[in-house]
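Have the sequence and the 3D view ready as you read.

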Amino acid sequence: MSERMMAPVVLFTYNRPEHTKHTIEALAANELAEKTELFVFSDAAKKEADAAKVQEIREYVGTVQGFANVSLIVRKENYGLARNVIEGVTEIVNRYGRVIVLEDDLVTNRYFLRFMNDGLDRYEKEKQVTGVTGFSFLDDRTDYDSESYLCGLTGTSWSWATWADRWSYFDAEALGWEKLKTDTAYRRRFNYDNTYNFYQLLKMQKQDEKTNSWAIRWYYSTFLLDGLILAPTKSLVGNDGWDGSGVHCGGEAPTAVHALKTDQVITQFPDVIAEMPQIRKRLKKELIKISEPSRVKRIYHAVFRKNYIGQA
């Protein structure tokens, strides 16, 4: 019997060397790291002030060990996050058939790679499942009694994985999006029962040249498939970018998603390919918490953020 093949990890970086180191060090501590290939896509500096930090990251990546192989892909011009992600993911997922994707401010627990690979294996033939994430949209204090769940919030950038056949549906042009303008029921469903204005993000993507989001276009593409994403009930990934170094992660860190608070390993997966009513109800509650509207807005805008950290 052939040895199980691990999905490669693709990491996108720009100008934050310390964050990049934390991300890679945590990933290297994963129990499956030594069997995993790591591809680091380093974007070129948009301005001269960022050049030294970009170079520092590239030199550091050249010293990284603990993986089956480490490859550094150096962009010779500034791509920005959307182009870097779209082209990078397409290249690697088409080569390997599946991919795990991280950005440079994410810190994973030691069982993150196991969960992502187990999810990719388990739902490979379930075409409605369009991906896996190590981030939980539920508050970590939840009393939900399963270790993982399926949900329709498919566009997260806080760790995700997918297969080549699902990624083939990614539509950079978001064709047909105009239906959202006139069909209120359709728009309501796209907006997760009007608990978050995903439509506005997509509209900005289509009409505002300053907006360039791969995530909202991926969300739209998977929405057309009635897509679901596998997520852990308690996050296997934390975000350490809420320190003023990122465009959308400034200010006080929201404790529910900032700190990596669990070292759990996940062994339970949903058998029913559907978003359970109690999960949808709970996620809607998380999105519209009246007591902390600004916090919720910042969290979910960051999860589906449109710009690269450190870039316009």
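The largest nonpolar core here has 63 residues, and Ile100, Tyr149, Phe190 and Leu283 have the most contacts inside it. A nonpolar core is a set of buried Ala, Val, Leu, Ile, Met, Phe, Trp, Tyr and Cys residues joined through side-chain atoms within 4.5 Å. Buried means under 20% relative accessible area, exposed means over 50%, and partly exposed is in between (1.4 Å probe, protein chains only). Helix H4 (residues 112–122) supplies the largest share of this core, 5 residues. Apart from it lies another core, this one of 20 residues, including Ile73, Leu81, Val101 and Ala215.

A word on where this comes from: this is a predicted model, in which local features need pLDDT of at least 70 and side-chain atom pairs count only at pLDDT 80 or more, while totals for chains, interfaces and linings use all residues. Residues are numbered from 1 along each chain as its sequence is written, and side-chain values use heavy atoms, with hydrogens and water left out.

Now step back for the overall picture. The protein has 12 helices and 10 strands; these are DSSP runs numbered from the N terminus, with helices being H or I of at least four residues and strands E of at least two. Of its 312 residues, 56% are buried. Take the contacts (heavy atoms within 4.5 Å) between residues at least 6 apart in sequence: 82% of them join residues at least 24 apart.

Back to Phe190. Which residues does Phe190 touch, leaving aside neighbours within four places in sequence? They are Leu180, Phe198, Tyr199, Leu202, Ile216, Tyr219, Tyr220 and Phe223.

Next, look at two helices packed together. Helix H8 (residues 198–207) and helix H9 (residues 214–223) meet at an angle of about 115 degrees, with their axes 9 Å apart. The axes are lines fitted to C-alpha atoms, for helices over the stretch in contact, and angles run from 0 to 180 degrees between N-to-C directions. Phe198, Leu201, Leu202 and Gln205 of H8 make the contact with Ile216, Arg217, Tyr219 and Tyr220 of H9.

Ile86 sits in helix H3 (residues 81–96), and counts as buried because its relative accessible area is 17%. Not counting residues up to four places away in sequence, Ile86 touches Trp167, Phe170, Trp214 and Arg217. Ile86 and Phe170 are 84 residues apart in sequence, yet 9.0 Å apart in space, C-alpha to C-alpha.

Finally, the charged pairs. Side chains of opposite charge can pair when their charged atoms come close. A salt bridge is a side-chain nitrogen of Lys or Arg within 4 Å of a carboxyl oxygen of Asp or Glu, and by this rule there are 21. Glu18 bridges to Lys21, with the closest N and O atoms 3.5 Å apart; both lie in helix H1 (residues 17–28), 3 residues apart, about one turn of the helix. Arg83 pairs with Glu77 at 3.3 Å between the closest N and O atoms. Arg83 is partly exposed at 32% relative accessibility, and Glu77 is partly exposed at 47%.

Asp165 and Lys127 meet in a salt bridge too (2.5 Å, N to O). Asp165 lies in helix H5 (residues 164–167) and Lys127 in the loop between H4 and strand S6 (129–132), so this pair ties together parts that are 38 residues apart in sequence. Elsewhere, salt bridges that share partners join Arg4, Arg98, Asp118, Asp121 and Glu124 into one network.
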